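Thanks for coming, everyone. Please have a look at the model on the screen, and then I'll walk through a few places in it.

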Amino acid sequence: MDPVVLARIQFAANITFHILFPAISIALAWVLLFFKWQGNRTGNQAWRDAYQFWVKVFALTFALGVVTGITMSFQFGTNWPGFMQTVGNIAGPLLAAEVLTAFFMEATFLGIMLFGAKRVSNNMHTLATALVAIGTTVSAFWILILNSWMQTPVGFEMINGQAHATDWGAILTNPSFPYRFVHMLLASGLTVAFLLAGLSSFRYLRGDRSAGLMAALRTGIVMGAMLIPLQIVVGDLHGLNTLKHQPAKLAAMEGIWQTSKGVDAVLFGIPDSEAKTNHYEIAIPKLASFYLTHDWQGEIKGLDAFEGKHPPVGPVFWAFRIMVGVGLLMLAVSWAALWYWRQQKGLPTWLAHTFVAMTFAGWVGLIAGWYVTEVGRQPWLVYGVLTTAEAASAVPPAHIGLSLAMYLSLYLCLGFAYVRVLFYLAGKAGKAAIETPPVLQPAMQ
């Protein structure tokens with residue numbers, strides 16, 4: 001097999017597995033701070049119980065995020081030496097800023113957050129929780145700046161084949177960064193919302209009605225119901241930004257093959273790159289032109305305008321629909337749960353089962369969205385500057401194939417173990433809560 005394809009598969013496997021854990025730790029750190037603040041404010045033990053359970057989940061998730069991040073960084077040197085050689089003058093400082101301003105902060109205060117509850121004052125412990133939450137978000141801030149710059153590069157000039165920064169202000173505020181950053185934070189929040197609701201529903205179905213469990217379950221439901229409409233709005237704005245700066249990616253997402261006016265919105269179809277058409281297409285006439293240009297007759301560039309320089313259509317087309325489909329399912333389930341909760345102060349059994357089944361729905365939507373972003377950038381590694389083929393190393397395919405098999409084996413084992421441990425922790429906590437009669441406080445009603 002082509003070594004570039006193998007290297008791409010290997011990096012995709014690494015980034016896919018790595019992103020699962022920061023997606024949880026970013027928002028879960030803020031949820032823990034919320035639990036901590038509520039516990040301090042109300043004095044209610046329920047919030048402290050919720051904190052004590054979910055801080056274990058955070059610790060496990062953070063550890064896996066660090067480990068998978070280290071293995072991913074190796075590949076910049078082994079598989080993609082052309083990347084740092086060409087744009088290292090910009091990528092290097094941004095990665096260094098992430099380590100100096102975020103990772104060190106998280107690492108320093110994580111120990112106090114995990115083990116210092118009985119060793120430092122409550123205020124110090126709350127401060128440590130807040131600083132860890134800030135650190136996770138600052139980390140995402142720097143990484144998203146680099147990723148967004150790779151999608152919409154500005155503020156540099158090429159000298160002897162290397163990118164040199166000429167305007168760091170432009171780099172830090174590159175055109176797609178605000179949309180990508182907010183979109184990612186909301187995706188992290190939704191991932192944690194359904195993780196909260198899913199694991200809590202698992203305990204709920206086992207008969208646990210402890211105040212701490214109900215607090216976490218209600219938090220997950222409300223988070224999901226509030227964040228998904230915001231995500232839909234931000235996603236739409238992000239799509240308009242993509243139309244402006246990466247029209248080839250947008251054409252692949254929408255399955256638009258020819259540049260034309262009054263373009264249909266394709267709901268379903270099977271893209272055929274050879275015939276340059278969609279088979280079995282179901283579309284709404286002129287709707288794509290309306291929501292992309294706010295004009296029923298608006299012109300949209302098709303893939304024919306980027307012959308030889310557009311992403312593979314099938315993966316981007318389907319990943320986009322999976323992301324949207326998961327989002328709509330999240331909207332329906334979280335709003336139904338909120339309605340039932342307000343009526344019954346609890347969940348019907350079928351809805352609790354649904355939440356358990358959707359415990360990791362956020363991961364599905366997140367990965368699908370990430371593939372739209374990353375596969376949709378192809379054949380470019382840095383849009384319009386550096387192609388993926390130019391950045392790849394000359395490592396023999398057999399070597400890449402061997403390391404890929406090792407990575408996949410390791411990730412399957414780690415992923416399976418992670419999920420098993422989470423449900424083991426939930427089952428253990430639920431059993432302990434059932435054996436101890438719950439005490440519902442007025443503040444939780």
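Start with T359. Setting aside neighbours within four places in sequence, T359 is in contact with F194, L195, G198, L199 and F423. Contact here means heavy atoms within 4.5 Å. A word on the source: this is a predicted model, local features need pLDDT of at least 70, side-chain atom pairs count only at pLDDT 80 or more, and totals for chains, interfaces and linings use all residues. Residues are numbered from 1 along each chain as its sequence is written, and side-chain values use heavy atoms, with hydrogens and water left out.

Where is T359? In the loop between α11 (349-357) and α12 (361-375). Helices (H or I, at least four residues) and strands (E, at least two) are DSSP runs, numbered from the N terminus. Is T359 buried or exposed? Buried, with a relative accessible area of 2%. The cut-offs: buried is under 20% relative accessible area, exposed is over 50%, and partly exposed is in between, using a 1.4 Å probe and protein chains only. The T359 side chain also reaches the backbone oxygen of V356, at 2.7 Å. For a polar contact, we need a pair of N or O atoms within 3.5 Å; within protein, one must be able to donate a hydrogen and the other to accept it, and residues adjacent in sequence count only if both atoms are side-chain atoms.

Now into helix α11, where L351 lies. L351 is buried, at 1% relative accessible area. Not counting residues up to four places away in sequence, L351 touches V333, A336, A337 and Y340. Compare L351 with F21: they are 330 residues apart in sequence and 26 Å apart in space, C-alpha to C-alpha.

Next, helix packing. Helix α3 (residues 81-115) and helix α4 (residues 122-151) pack at about 170°, with axes 7 Å apart. Axes are lines fitted to C-alpha atoms, for helices over the stretch in contact, and angles run from 0 to 180 degrees between N-to-C directions. So α3 and α4 are roughly antiparallel. On the scale, under 35 degrees is roughly parallel, over 145 roughly antiparallel, 65 to 115 roughly perpendicular, and the rest oblique. What makes up the contact of α3 with α4? It has 25 nonpolar residues, six polar and two charged. Nonpolar covers Ala, Val, Leu, Ile, Met, Phe, Trp, Tyr, Cys and Pro; charged covers Asp, Glu, Lys and Arg; the others, Gly among them, are polar.

Helix α1 (residues 3-42) packs on α4 too, at about 155°, with axes 8 Å apart. That makes α1 roughly antiparallel to α4. Residues in this contact include W30, L33 and K36 of α1 and H125, T129 and I134 of α4. By class, the contact of α1 with α4 has nine nonpolar, eight polar and one charged.

Last, some backbone points. Most residues other than glycine have a negative phi, and most peptide bonds are trans. K276 has a positive phi, near 55°. K276 sits in the loop between β4 (265-272) and β5 (277-284), and at 36% relative accessibility it is partly exposed. H294 also has a positive phi, near 60°. Its loop runs between α9 (287-293) and β6 (299-300). H294 is exposed, at 60%.

And the peptide bonds? Q378 and P379 are joined by a cis peptide bond, with omega about 10°. P379 is in the loop between α12 and β7 (380-382).
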